[in-house]
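Here is a short briefing on a predicted model. Please read the points below alongside the sequence and the coordinates.

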Amino acid sequence: MRHMVKVLALVLFVTLLSSVGSAEDTIRVGLSAPITGNYAEFGENFKYAVQMAVDEINAQGGLLGKQIEVVVMDSKGDPKEAATIAQKFVQDKSIVAEIGDFTSTCCLAAAPIYERYGMVQLSPTSSHPDFAPSGEYMFGIVGTQDAEGPFNVKYIAQDYLGLKSVAVIYINNDWGHVTKDRFVKAADENGLKVTIEQSFLEGERDYSAILTKIRDTNPEGIYIAAMYNEAALICRQIKKMGWDVKLLAPSSVFSAKLLELGGDAVEGLVTNTFFALNDPDPRVQAFIAEFRKRAGRDPNLHAACAYDSMMILADAIRRAGTTDRAAIRDALAETKDFPGITGSITFTEVGDVVRKYKVMVVENGQWAIKRDYTRD
Amino acid sequence: MAWFKKHWFVSTTFAAIILLVFPLLVDNDYYQRVAITVLLYMVLATSLNIINGYSGQFNIGHAAFYCVGAYVAAILATRYHLSFWVLLPISGAAASLASCFLGLPTLRLKGIFLAMCTLGFSEIVRLTALNWISLTRGPMGIPGIPFPEVFGVPLKYNWQFYYVILGLAALAIFVCHRVVHSRIGRAWIAIREDELAARSMGVPTFLYKLLNLAFGTFWAGVAGCFYAFFSSYVSPDSFTLDEGFSILAMVLVGGQGTLLGPIIGAFFLTVLPEAFRFVAEYRLVIFGLAILVTMHVRPQGIAGSTTLSMRYREAQKDDVASDIETGGIAS
Amino acid sequence: MLLQQLVNGLAQGAIYALMAIGFAMIMGVLGLVTFVHGEVIMVGAFAGFYAITFLHAGVFFALAAGFAASWLLGIVIDATCYRPFRDAPHEILLISTIGMSILLKSLAQVTLGTEQKLVPDLVGEGFIMIGDVRILHIQLFVLAVVTAICIALQLVLYKTKVGLALRALSMDKEAAALHGVHVNRTARLGNCIGCALGGLAGVLLGSYYNAVHPIMGASAGLKAFIASVLGGLTSIPGAVVGGLLLGVFENFAVAFSSSSYRDIVAFIILILVLLFKPSGIFGRKGIEKI
């Protein structure tokens, strides 16, 4: 009984402590990301990148004369948590906008709350075509599968690789499904034959059974709709099978980690991106150098998008000239040709970005830029 | 604990008043949301406690029934526009039906074997939701579940949902209290203490165990319906094994076999991770530690009675020492 | 294609078998199910990874590292989750292992980093061809290691006093105690052996798939669980058969239907086995039903 009272008191005390606001002269931005759980490595990248952007802005005098502070909350990749975090953020009057989440299911789950209370949710990585249109306050900057699927089909499979047939292996989550759907739809529209589609569950590490079955259908190429972790393993298993097939994948695989985890098994893999480590642009190189220093590893597309998200948000706040949430939203929607490190960003009517890509190939263990459509 | 029992009327009334005026005292949507979550898990933990604590069966796949309730509500609401109030009992019934489907073949099994079946069932339900795309939209989930309506007025504010779940929780606990103290409840306790003896005294144990399972899972289904309408979105990744384990932890940490136990367990294990959000990376570490520490310091649970646990120990010593009665490792 | 699926299935199954053996051993001496075996496997896998990456260990040293790390973890788990609850209601032990599993998984993410890590090929990338079927050296290696372990285990169980004590304990705890078996010490030993075997399995897993990840424990534990149920929960020969069967089944199921339904079918089979033959393929019948 006494124990219980003590424990309850402690819990209440801690809860109250953690909700104490901070000083009046900071602008606070919320960040919802998977810091723990199955997607923790991706959430960490968000944290580093956003903090980098914040530090940079603060070093140059901050925003509207105030310093910015980012409030990080762990969504664990769980849609329920993302919704709870959304509630917490919108409740806090000092938070002006939110960046996040990593997965589309989290973004979609939190969207009704941000929309109801009128706070911007800017997702660096949600590529679900239903996300941005789901509300006026929803924005995504990574581009959607509506653009990526056809690009993968036309410019990579047909144009660059000259394939007539392709098989699809995809991860059984919402992103995987949407990616696969858009790719297959574009393939049908462009006369590219899809020999078979097979999915695998998250957390699955053995693809040999699926790959053996796919190999039996004799495709010229295999489209791997997965994150770089799984993609690297899939490629390794393809190599171990002694199967000489063309490898292609969406931009989710593009990162230095793919090269590290895949080794020479990913040699020749073709993908698309709008952020490359060997981009000659000096701002990109500065970003990469600083990220390396802080995180001890190379940034990937997600990190670059998170960085740009913060920068774009800051730009919108500057243009709005106020910390009013609705004004920030309007200024954000009007963003045109914002020079991000991931390219020039303009929001469509629904709050999406139509991306143009570069074609990247793994050559001699490095990423090489083969075609560049981003400057078109 | 004893103090509460002696002054139960005062403390219950006091708690009731606080609960009723909570949204007025705390005009903070986030805290209201936490309160709603706590109440929701109270219903879930209570429903599991009916099964685990009162008839001695061991269900560790409770997420399955929560999932069934939520999806039934989501599908019927988005496709056929059934109202929230109609769907509450329907979701409950669906979950009960699912549990009968599981229970009919498996209730004959002893302890740990039944537990494993429930675990398998939990995953089957989740994987079905994940793969039956034409029905459930698979991993994309079902968005756009409309707000519940009261006489045509949509409920969309947290404080409104709060009163709904408060009502549901009160109803659930009240009904459970009545059932547990009725003949049926006594039969359940008899089965829990010694199933063989109960049967030899004429209690139709199989029927009662099935009833117990159906009754407990009914409330899990109801909770699922509320969850669907509160979040406006359901997806399979909310119903993993971990979710079932969390509910189980709430029951055990709070105290199995008592009505107060799951209430306290739900409160403790929901508020704790929220309170520790500021040490984001260590949140789950602390959660795991909390479970371990509670089991060591107070194994009967925070609200469990010491006599109950001692009775367990006695029963264990007389009973066969091992739950797994097989031929051993070398057979 | 089917023959290739069979070969892959056997190799995968061998690793499952190793995980299941450890699991069966632990359940045999505990008398209860544990939910922390997945994390034990993960710890072993990481120990092997660090041995290979930072100590430039060869194959056998890496395996030894995994063995030792998980053995030590077994001691800790026994002290915190098993021994204090030897006579307590079953649920308490179960929930303690669940708590421990959450703790270890999160601790691993915080201390070891959240990223997937690359494990280089332990025995190179070579292979042999028999007709159309390709058998990798690593597959042969895995089969060899698991066979060796089984033989070693049989020797320990049947030719040593301590093995006798373990067998006795797993058959009937009270009778064993009456015959002078030191219950706590023997149970701890059984647990440590089971955990160490899990650690070995972890190193093999990491090496076979070239990857370790702090969250790899969940699926590994589940596979170990299913495999040992197939084999009769506590029977070690059963665990071997169960593991191999599970591996082969998973591969065949993908060959004949979609991979998404594979796991559902696995769980249905789990329930069916529990319903109709809970003693598993090999186990002898005990009191499973009332």
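A:Asn218 counts as exposed, because its relative accessibility of 62% lies over the 50% cut-off. Its phi is near 55 degrees, a positive value in a residue other than glycine. A:Asn218 sits in the loop between α7 (208–215) and β8 (221–225) of chain A.

**Backbone geometry elsewhere**

- B:His81 also has a positive phi, about 55 degrees, although it is not a glycine.
- The loop between α4 (63–80) and α5 (84–106) of chain B holds B:His81.
- B:His81 counts as exposed, because its relative accessibility is 64% and the cut-off is over 50%.
- A cis peptide bond links A:Gly100 to A:Asp101, with omega near -5 degrees.
- A:Asp101 belongs to the loop between β3 (95–100) and α4 (104–117) of chain A.

**A parallel strand pair in chain A**

- Strand β1 (residues 26–33) and strand β2 (residues 67–74) of chain A run parallel, joined by eight bridges.
- Between these strands the chain passes through helix α2 (residues 40–59) of chain A, and the β-α-β crossover is right-handed.
- Within the pairing, A:Ser32 stands opposite A:Met73 in β2(A).

- Helix α8 (residues 228–240) of chain A carries A:Arg236.
- Is A:Arg236 buried or exposed? A:Arg236 is buried, because its relative accessible area of 12% falls under the 20% cut-off.
- Leaving aside residues up to four places away in sequence, A:Arg236 touches A:Leu261, A:Gly262, A:Gly263 and A:Ala265 in chain A.
- A:Arg236 also touches C:Leu118, C:Asp121 and C:Asn210 in chain C.

**Nonpolar cores**

- In soluble globular proteins, nonpolar side chains tend to be buried together.
- The largest nonpolar core here has 208 residues.
- Which residues have the most contacts inside this core? They are B:Phe226, B:Val234, B:Leu248, C:Val33 and C:Phe225.
- Helix α3 (residues 29–54) of chain B gives the most to this core, with 17 residues.
- A second, separate core has 137 residues. Among them are A:Cys107, A:Leu192, A:Ile222 and A:Phe275.

**Chain B in outline**

- Chain B has 15 helices and four strands.
- Of its 331 residues, 62% are buried.
- Take the contacts in chain B between residues at least 6 apart in sequence: 76% of them join residues at least 24 apart.
- The accessible surface of chain B is about 12800 Å², and carbon and sulfur atoms account for 71% of it.

**Chain C in outline**

- Chain C has eleven helices and four strands.
- Its C-alpha trace spans about 55 × 45 × 35 Å along the principal axes.
- The radius of gyration of chain C is 19 Å. This agrees with a compact globule, because one with 290 residues would have a value near 19 Å.
- Buried residues make up 64% of the 290 residues in chain C.
- Of the contacts in chain C with a separation of 6 or more, 76% are between residues 24 or more positions apart.
- Chain C exposes about 10100 Å², with 71% supplied by carbon and sulfur atoms.

How values were computed: Residues are numbered from 1 along each chain as its sequence is written. Chains are lettered from A and ligands numbered from 1 in the order in which they are written. This is a predicted model: local features need pLDDT of at least 70, side-chain atom pairs count only at pLDDT 80 or more; totals for chains, interfaces and linings use all residues. Side-chain values use heavy atoms; hydrogens and water are left out. Two strands pair if DSSP finds at least two bridges between them. Helices (H or I, at least four residues) and strands (E, at least two) are DSSP runs, numbered from the N terminus. A crossover is right-handed if, with the strands pointing away from the viewer, the path from the first strand over the helix to the second runs clockwise. Buried means under 20% relative accessible area, exposed over 50%, partly exposed in between (1.4 Å probe, protein chains only). Contact means heavy atoms within 4.5 Å. Accessible areas come from the Shrake-Rupley method with a 1.4 Å probe; for residues, only the protein chains shown count as cover. A nonpolar core is a set of buried Ala, Val, Leu, Ile, Met, Phe, Trp, Tyr and Cys residues joined through side-chain atoms within 4.5 Å. The radius of gyration is taken over C-alpha atoms; the globule rule is 2.2 Å times the number of residues to the power 0.38.
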